[in-house]
Amino acid sequence: MLSQLIYTSQAHEDLTPEALQAIALAAARNNARVGVSGLLIYDQGCFLQVMEGEDAVILALYQRLKKDTRHTNVVKLIHEPIAQRRFAQWNMGLAAPKLGVQAEVGTVGLSTWSELLASHALQNLTEDRVRTVLDAFTQGRWHHHVVMRSADAVPPTRNAKDPALFIPGRQLSPAYREVLPASGPLFAFQPIVDFLTRRVSSYEALLRGPGGESPHSVLGAFTGEALHRFDLTSKVAALSIAQQLGTDARLSLNLLPKSLLADVNAVDFLVQAAARHGFTPDRIVLEVTEEEAITDPDMFADAVKRVRSAGMRVAIDDFGAGFAGLSLLADFQPDKLKIDRCIVQNVHESGPRQAIVRAIVEFCYCLGIVVVAEGVETVEEFNWLRRAGVNRIQGFLIARPALCALPPVQWQG
Ligand code: C2E
Ligand code: MN
Ligand code: MN
């Protein structure tokens with residue numbers, strides 16, 4: 001299968017036209033051997049490379065390239081099957097718009113950006129995705145996100161922006177543990193850390209069975225009305241355990257949207273339960289997933305109005321994992337938006353994920369919505385998200401959920 005792969009990366013050091021030509025020439029020789037054609041663009045310390053050829057060859061080449069120490073921050077923008085090559089005439093075309101690299105001979109097509117634009121290759125590429133991505137790159141759209149000066153480029157484990165952070169955890173007192181109902185629902189707590197204020201902005205309460213069973217299995221025992229009644233009333237246990245643990249952070253509670261809708265008194269019920277356990281409404285965040293929220297947008301909008309007028313906050317959970325997120329946001333703006341783990345995972349090396357997160361951050365900034373990234377597991381994801389302007393982070397990297405306890409936050413910085 002013929003395929004095409006486009007990535008961007010950052011050069012380890014500023015390159016002279018000669019150094020650049022040497023790189024392209026060596027690459028062209030290698031590409032000729034394995035039947036790969038393509039194009040390399042160098043602009044202000046950043047590379048964009050297009051490779052096309054047999055998919056297995058392209059993938060093997062990309063794996064090798066990722067380990068090449070002459071560049072860092074390798075981000076894959078596109079990898080897809082193609083019917084025909086766009087750059088069949090070049091084993092490695094080269095263009096460096098600012099350096100004015102001159103046309104050369106042999107298997108390497110070398111040109112300035114304007115020469116490249118005028119070239120036969122690009123002339124044939126109107127309305128082609130490659131052409132659009134090239135334009136976006138040369139406009140600098142992919143630059144500031146990969147830019148990280150070589151001094152702090154490797155390794156990304158220490159970050160002056162986010163020095164070490166320690167927030168102690170809390171355990172239940174043995175006395176309270178005894179009075180917990182033996183058969184009732186329990187909750188695990190996981191912090192959402194705000195790296196701007198360097199505090200826990202909220203602890204999310206995650207449902208568990210009496211033996212620590214998953215929310216899926218606990219909720220799975222119920223259907224219909226009973227499910228929604230259980231979902232709602234279980235929150236009393238979450239509030240009670242949180243009160244015993246003692247914290248002045250917010251408490252985030254997960255609810256099926258229908259659990260809010262099924263009972264007209266649901267909002268009052270939650271406000272009163274919260275008050276009994278020392279939580280004012282502004283310290284309660286209700287998390288609902290977009291997928292569920294959208295099944296009945298009108299009823300959902302009504303419920304949200306009640307939640308807001310009671311003074312509680314609303315978060316859209318798992319944003320990006322469902323179906324109709326954007327149309328939901330057109331009519332309703334939550335206080336918080338939690339970007340799903342499927343978008344967060346490996347964001348540091350995925351162009352599409354980066355473009356999505358940047359769009360979400362921009363959108364939320366303009367509308368005053370707080371962005372949270374959930375499921376952050378690696379330092380590389382963390383660093384990229386922080387640089388993209390996401391300040392609130394939740395995930396195993398920061399702290400795993402702890403059953404009936406507030407886990408300590410230990411950020412190495
Ligand atoms: P959620 O609200 O998106 O909660 C986050 C889930 O991701 C939790 O799973 C948490 O343990 C897990 N998680 C957190 N950080 C990471 C990470 O870095 N990597 C990975 N792989 N996972 C991470 P959990 O506790 O199994 O909950 C699953 C889902 O069950 C929740 O997803 C939520 O939608 C639902 N849920 C939890 N409690 C309740 C509840 O009281 N009522 C309702 N209706 N649903 C609940
Ligand atoms: Mn949640
Ligand atoms: Mn979630």
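Mentor: The shell around ligand 1 divides into ten nonpolar, four polar and nine charged residues, where Ala, Val, Leu, Ile, Met, Phe, Trp, Tyr, Cys and Pro count as nonpolar, Asp, Glu, Lys and Arg as charged, and the others, Gly among them, as polar. This is a predicted model, in which local features need pLDDT of at least 70 and side-chain atom pairs count only at pLDDT 80 or more, while totals for chains, interfaces and linings use all residues. Residues are numbered from 1 along each chain as its sequence is written, chains are lettered from A and ligands numbered from 1 in the order in which they are written, and side-chain values use heavy atoms, with hydrogens and water left out.

Of the 23 residues around the ligand (a heavy atom within 4 Å), Arg208, Asp231, Asp317, Glu377 and Phe396 come nearest. As for polar contacts (pairs of N or O atoms within 3.5 Å), an oxygen atom of ligand 1 lies 2.7 Å from a polar backbone atom of Phe396, another pairing places a ligand oxygen 2.9 Å from a polar side-chain atom of Asn254, and the side chain of Asp318 has an N or O atom 3.0 Å from an oxygen of ligand 1. On its own, ligand 1 has 800 Å² of accessible area, of which the protein covers 79% (Shrake-Rupley method, 1.4 Å probe).

Among the elements, which are DSSP runs (helices H or I, at least four residues; strands E, at least two), those giving two or more residues to the shell are β9 (186-194), β10 (199-208), α9 (215-219), α10 (224-245) and β13 (313-319), and β10 gives the most, with four residues.

Note on methods: A polar contact is a pair of N or O atoms within 3.5 Å; within protein, one must be able to donate a hydrogen and the other to accept it, and residues adjacent in sequence count only if both atoms are side-chain atoms.
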